[in-house]
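Please look through the sequence and the model shown below before reading on.

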Amino acid sequence: QASFEEVVYLLWHDSLPNRPQLADFRAVLAAQRALPPITVEVLSAAAQQRQPVMEALRMAAGTLGPAEPDTAGLAGMQATGTRLLAQMPVIVATYWRLLQGVAPLSPRPDLGEAANYLYMLFGTEPAGARVRGLETYLNTVVDHGLNASTFAARVIISTGSDLVSALVGA
């Protein structure tokens with residue numbers, strides 16, 4: 001019954017958020033969805049070359065360098081992680097639209113993560129059932145264990161490297 005944001009909050013804080021905490025978390029995510037211009041340029045160039053989706057995702061993720069040094073401790077890493085969580089679906093939706101030959105859409109701050117992603121893909125506000133279906137799927141894969149990409153990310157981050165490098169490596 002939980003939203004995607006509630007499940008992420010639970011995994012990051014070891015408890016479900018209350019209503020004010022959930023509203024704050026959703027607001028923080030929504031405020032950080034916008035992509036840097038260089039990221040959109042990379043995605044546009046990749047779409048012109050018809051690069052495979054995972055290649056475009058890797059290239060674009062590499063442009064999301066930490067806004068603040070990850071050496072700022074756990075708070076800095078959490079801030080970077082929150083920003084990456086907000087921006088990665090925007091990268092995917094932007095690239096999909098560019099591949100289809102249509103202009104990318106700006107994120108909507110009034111929509112949750114799943115609803116915003118579907119909106120950015122299809123250009124219309126999604127029905128509640130579609131949003132709930134995507135949230136259910138995301139909730140089932142949000143903590144997927146120790147597969148190869150998760151292991152790679154853990155190795156990279158354990159060297160003291162930044163979170164964006166770990167994400168790109170994964």
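Does Tyr-9 count as buried or exposed? In this model, which is a predicted one, Tyr-9 has a relative accessibility of 11% and therefore counts as buried, since the term applies to residues under 20% relative accessible area. Phe-25, at 8% relative accessibility, also counts as buried.

These residues bring us to the aromatic pairs, of which the structure holds two. In one of them, the ring centres of Tyr-9 and Phe-25 are 5.8 Å apart and the ring planes stand at 70°, so the arrangement is edge-to-face, given that planes over 60 degrees apart are classed in this way. Because Tyr-9 belongs to helix 1 (residues 4-13) and Phe-25 to helix 2 (residues 19-31), this pair ties together parts that are 16 residues apart in sequence. The rings of Trp-12 and Phe-25 also pair, with their centres 5.9 Å apart and their planes at 75°, so that this pair, too, is edge-to-face. Here again distant parts of the chain are linked, with Trp-12 in helix 1 and Phe-25 in helix 2, 13 residues apart. Trp-12 has a relative accessibility of 39% and so counts as partly exposed, whereas Phe-25 counts as buried. Taken together, Tyr-9, Trp-12 and Phe-25 form one aromatic cluster.

Helix 6 (residues 113-122) and helix 7 (residues 128-141) pack at an angle of about 115°, their axes being 9 Å apart, and the crossing of helix 6 past helix 7 is right-handed. On the side of helix 6 the contact is made by Ala-114, Ala-115, Tyr-117, Leu-118 and Phe-122, and on the side of helix 7 by Arg-130, Val-131, Leu-134 and Glu-135. Sorted by class, this contact has seven nonpolar and two charged residues, and no polar ones. Helix 6 is largely enclosed by the rest of the structure, because eight of its ten residues are buried; among them are Glu-113, Asn-116, Tyr-119 and Met-120. Just after helix 6, Gly-123 adopts a positive phi of about 85°.

Helix 5 (residues 74-99) contains Thr-94, and this residue, with a relative accessible area of 4%, is buried.

Not counting residues up to four places away in sequence, Leu-84 touches Leu-64, Leu-163, Val-164 and Leu-167. The C-alpha atoms of Leu-84 and Leu-29 are separated by 9.2 Å, although the two residues are 55 residues apart along the chain.

Conventions. Residues numbered from 1 in each chain as written. Predicted model: local features only at pLDDT ≥ 70, side-chain atom pairs only at ≥ 80, totals over all residues. Heavy atoms only, no water. Phe/Tyr/Trp six-rings, centres within 6.5 Å; stacked < 30°, edge-to-face > 60°. Helix = DSSP H or I, 4+ residues; strand = E, 2+ residues; numbered from the N terminus. Buried < 20%, exposed > 50% of the residue type's maximum accessible area, 1.4 Å probe, protein only. Axes fitted to C-alpha atoms, helices over the stretch in contact; angles between N-to-C directions. Left-handed = near helix turned anticlockwise from the far one by under 90°. Contact = heavy atoms within 4.5 Å. Nonpolar A, V, L, I, M, F, W, Y, C, P; charged D, E, K, R; others polar.
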